[in-house]
Amino acid sequence: MSQAQPQRPAEEYQDPIKYGDVFDVSGDLASKPIAPRDAATMQAAENMLLGQTLRGGPAAVMQSAANINERTGLVGHSDVTDVARDQGVTVTETVVDDQRVIVESIGSQMVGQYVQPNVPMRTPGATLDKDSITIGEALEASAMSAGDKPIDQSDAAAIQAAEVRATGKNEITPGSIGAEAQSAASLNTRAMRDQDKTTLGDILTDATRKLPEDKAVTKEDAERVISAEIRNDPTMTTTPGGVAASVAAAARINQQQG
């Protein structure tokens, strides 16, 4: 779920930015100014459950709005809305069919919801089997399950994250599979017809051969790829059968084998 970011210069704001301005909420909450302590609480809740503040997520949107409200003198640094104070700010997680459903709420009203593949925690001390699925093989699996999907920026980011994890190098080499994916995503934005666009299958069918190095997929690899795909998707979700989903599935299988 993607929220609108406040765009006007601070001096143009005559009224505080309210929850109803940036979230699909109603009732009393919609008319409440977004306050600094509300934003700080949501940021803490995201960090506690997700280990990070999501780019473009509710906490980031709230922080941006609260900063503008405070800078223009429309709210105080310690202000908190009564809804957040009395009813709470929550980030919850439910696992349904191997998908993590994350819901972020102010009181009883949802301000963010998104889905990502679930990767269970590995049993402490477990090791990967020699027949574990590699990152290259996981990428090839996505070429089969979602091969007809035109590559977009979220796919390119996920493929680049997978390449970095496979090679252990924190850079994308010119001509590599990650560079090909980024080039394809950029060109696809200018293609008028879907049949003229480069697909996941075009790039990932021979992923194992294209990667200069490869490794067995771990939970940490899957988390990085999932994060990259979500951060670059306008709806903050992953593609069913896509890069993140395939890498997450490989990580689950590897952990079951370990």
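Student: Among contacts between residues at least 6 apart in sequence, what share joins residues at least 24 apart?
Tutor: In the protein chain, 67% of those contacts join residues at least 24 apart. Contact means heavy atoms within 4.5 Å. A word on the source: this is a predicted model, where local features need pLDDT of at least 70, side-chain atom pairs count only at pLDDT 80 or more, and totals for chains, interfaces and linings use all residues. Residues are numbered from 1 along each chain as its sequence is written, and side-chain values use heavy atoms, with hydrogens and water left out.

Student: How many helices and strands are there?
Tutor: The protein chain has 12 helices and three strands. Both are DSSP runs, numbered from the N terminus: helices are H or I with at least four residues, strands are E with at least two.

Student: And what box do the C-alpha atoms fill?
Tutor: Roughly 60 × 50 × 30 Å, taken along the principal axes.

Student: What share of the residues is buried?
Tutor: Of the 258 residues in the protein chain, 47% count as buried. Buried means under 20% relative accessible area, exposed means over 50%, and partly exposed is in between (1.4 Å probe, protein chains only).

Student: New topic. Which residues does the "domain: SMP" annotation cover?
Tutor: The UniProt record, an unreviewed entry, puts it on residues 17–71, 133–191 and 198–256. UniProt positions are given in the numbering used here, feature names are shortened, and annotations may be inferred rather than shown by experiment.

Student: How far apart are the end C-alpha atoms of residues 17–71?
Tutor: They lie 12 Å apart. That span is 67% helix and 0% strand.

Student: What about residues 133–191?
Tutor: There the end C-alpha atoms are 34 Å apart. The chain is 64% helix and 0% strand over that span.

Student: Let's do helix pairs. At what angle do α3 and α4 pack?
Tutor: Helix α3 (residues 36–50) and helix α4 (residues 58–71) pack at about 160°, with their axes 8 Å apart. Axes are lines fitted to C-alpha atoms, for helices over the stretch in contact, and angles run from 0 to 180 degrees between N-to-C directions.

Student: So how do α3 and α4 run relative to each other?
Tutor: They are roughly antiparallel. Angles over 145 degrees count as roughly antiparallel, under 35 as roughly parallel, 65 to 115 as roughly perpendicular, and the rest as oblique.

Student: Which residues make that contact?
Tutor: From α3: P36, D38, A39, A40, M42, Q43 and E46. From α4: P58, A59, M62, Q63, A66 and E70. They divide into eight nonpolar, two polar and three charged. Ala, Val, Leu, Ile, Met, Phe, Trp, Tyr, Cys and Pro count as nonpolar, Asp, Glu, Lys and Arg as charged, and the others, Gly among them, as polar.

Student: Where is R85, and is it buried or exposed?
Tutor: R85 is in helix α5 (residues 82–87). R85 is exposed, with a relative accessible area of 53%. In sequence R85 and D38 are 47 residues apart, but their C-alpha atoms are 8.1 Å apart in space.

Student: And V91, where does that lie?
Tutor: In strand β1 (residues 89–96). V91 counts as buried, because its relative accessibility is 14%.

Student: What does V91 contact?
Tutor: Leaving aside neighbours within four places in sequence, V91 is in contact with M42, A45, E46, L49, I102, V103 and E104. M42 and E46 also belong to the α3 side of the α3 and α4 contact.

Student: What about α7 and α8? How do their axes cross?
Tutor: The axes come within 8 Å and cross at roughly 170°. The two helices are therefore roughly antiparallel. In α7, Q153, A156, I159, Q160 and E163 take part; in α8, I177, G178, A179, A181, Q182 and A185 do.

Student: Where is T173?
Tutor: In the loop between α7 and α8 (177–188). T173 is partly exposed, at 41% relative accessible area. T173 touches E163 and A179, not counting residues up to four places away in sequence.

Student: Last one. At what angle does α7 pack with α11?
Tutor: About 155°, with the axes of α7 (residues 153–167) and α11 (residues 219–231) 7 Å apart. That makes α7 roughly antiparallel to α11. The contact has six nonpolar, one polar and five charged residues.
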